[in-house]
Amino acid sequence: MPVRRGDGLTGMWSVIITELKPGGYSPILAGSSYIRIIGWNSDGTVDPRGIRTYSPHEDPKAEHGGDLTCLYATGEMVRLPVSVEAIAADQQLVVVRVRKEPAPAPPIRA
């Protein structure tokens with residue numbers, strides 16, 4: 001299956017690095033493994049999407065062996081189940097607020 005690819009220097013957000021050898025390309029040497037894009041809809045709601053660029057099974061005959069690879073190859077992403085309400089409802093949510101203390105004033109030189 002053809003997969004969109006590039007080395008990252010061409011402005012692509014999806015990176016797959018292979019080598020062109022006599023007879024075709026080598027197996028993938030390096031590349032993206034997970035891509036997440038967060039956008040906003042026209043009504044201001046968050047539109048989080050992501051994709052693991054390879055499928056969870058190496059066996060293409062597995063029940064979901066090629067699901068994610070097929071989506072990735074077509075440029076599609078999975079809508080992530082993220083919302084302010086879902087985050088606030090998480091029973092394990094821990095909020096940590098970090099703030100930087102103002103730097104001390106520099107000494108006055110005479």
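Visitor: Which side chain meets Glu 19 in a salt bridge?

Guide: The partner is Lys 21, and the N to O distance in this salt bridge is 3.7 Å. Please keep in mind that the model is predicted.

Visitor: How exposed is Lys 21, and how exposed is Glu 19?

Guide: Lys 21 is partly exposed, having a relative accessible area of 42%. Glu 19 is partly exposed as well, with a value of 40%.

Visitor: How many salt bridges does the count come to?

Guide: The count comes to four salt bridges. Among them is one between Arg 99 and Glu 101, whose closest N and O atoms are 3.6 Å apart.

Visitor: Are Arg 99 and Glu 101 buried or exposed?

Guide: Arg 99 is exposed, with a relative accessible area of 68%. Glu 101 is exposed too, at 53%.

Visitor: What polar contacts do the side chains of Asp 47 make?

Guide: A polar contact of 3.2 Å links the Asp 47 side chain to that of Arg 49. Another, of 3.3 Å, links the side chains of Asp 47 and Arg 79.

Visitor: Why does Asp 47 count as buried?

Guide: Asp 47 counts as buried because its relative accessibility is 14%, and the cut-off for buried is under 20%. Arg 49, in contrast, has a relative accessibility of 28% and therefore counts as partly exposed.

Visitor: Where is Asp 47 found, and what is it in contact with?

Guide: Asp 47 is part of strand 6, which covers residues 46-52. Neighbours within four places in sequence aside, Asp 47 is in contact with Ile 37, Ile 38, Gly 39, Trp 40, Asn 41 and Arg 79.

Visitor: How many bridges join strand 5 to strand 6?

Guide: Seven bridges join them, and the two strands run antiparallel. Strand 5 spans residues 34-40. As examples of the pairing, Arg 36 has Gly 50 as its bridge partner in strand 6, and Ile 37 stands opposite Arg 49.

Visitor: What lies between strand 5 and strand 6?

Guide: The two strands form a hairpin with five residues between them. Gly 44, in the turn, has a positive phi of about 90°.

Visitor: What is the strand order in the open sheet?

Guide: The order is 5-6-7, three strands in antiparallel pairing. Strand 5 and strand 7 (78-79) stand at the edges with a single partner strand each, so one side of each is left without a neighbour in the sheet.

Visitor: How do side chains alternate in a regular strand?

Guide: In a regular strand, side chains alternate between the two faces of the sheet.

Visitor: Turning to Val 46, where does it lie, and what is it in contact with?

Guide: Val 46 lies in strand 6. Apart from neighbours within four places in sequence, Val 46 is in contact with Ile 38, Gly 39, Trp 40 and Asn 41. Its relative accessibility is 37%, so Val 46 counts as partly exposed.

Visitor: How far apart are Val 46 and Val 82?

Guide: They are 36 residues apart in sequence and 8.0 Å apart in space, C-alpha to C-alpha.

Visitor: Which residues form a nonpolar patch on the surface?

Guide: The patch is formed by Val 82, Ile 87, Leu 93 and Val 95, which together have about 340 Å² of accessible area. Leu 93 is placed in the segment after helix 2 (84-89) and counts as partly exposed at 42% relative accessibility.

Visitor: And the whole chain? What does its secondary structure come to?

Guide: It comes to two helices and seven strands. Along the sequence, the pattern is β-β-β-β-β-β-α-β-α.

Visitor: What share of the contacts joins residues at least 24 apart?

Guide: Among contacts between residues at least 6 apart in sequence, 28% join residues at least 24 apart.

Terms used:
Residues numbered from 1 in each chain as written. Predicted model: local features only at pLDDT ≥ 70, side-chain atom pairs only at ≥ 80, totals over all residues. Heavy atoms only, no water. Buried < 20%, exposed > 50% of the residue type's maximum accessible area, 1.4 Å probe, protein only. Helix = DSSP H or I, 4+ residues; strand = E, 2+ residues; numbered from the N terminus. Polar contact = N/O pair within 3.5 Å; in protein donor to acceptor, adjacent residues only side chain to side chain. Contact = heavy atoms within 4.5 Å. Pairing = 2+ DSSP bridges. Patch = residues over 30% accessible without salt bridge, like charges linked within 9 Å, V, L, I, M, F, W, Y side chains within 5 Å. Areas by Shrake-Rupley, 256 points an atom, 1.4 Å probe, with all protein chains shown as cover.
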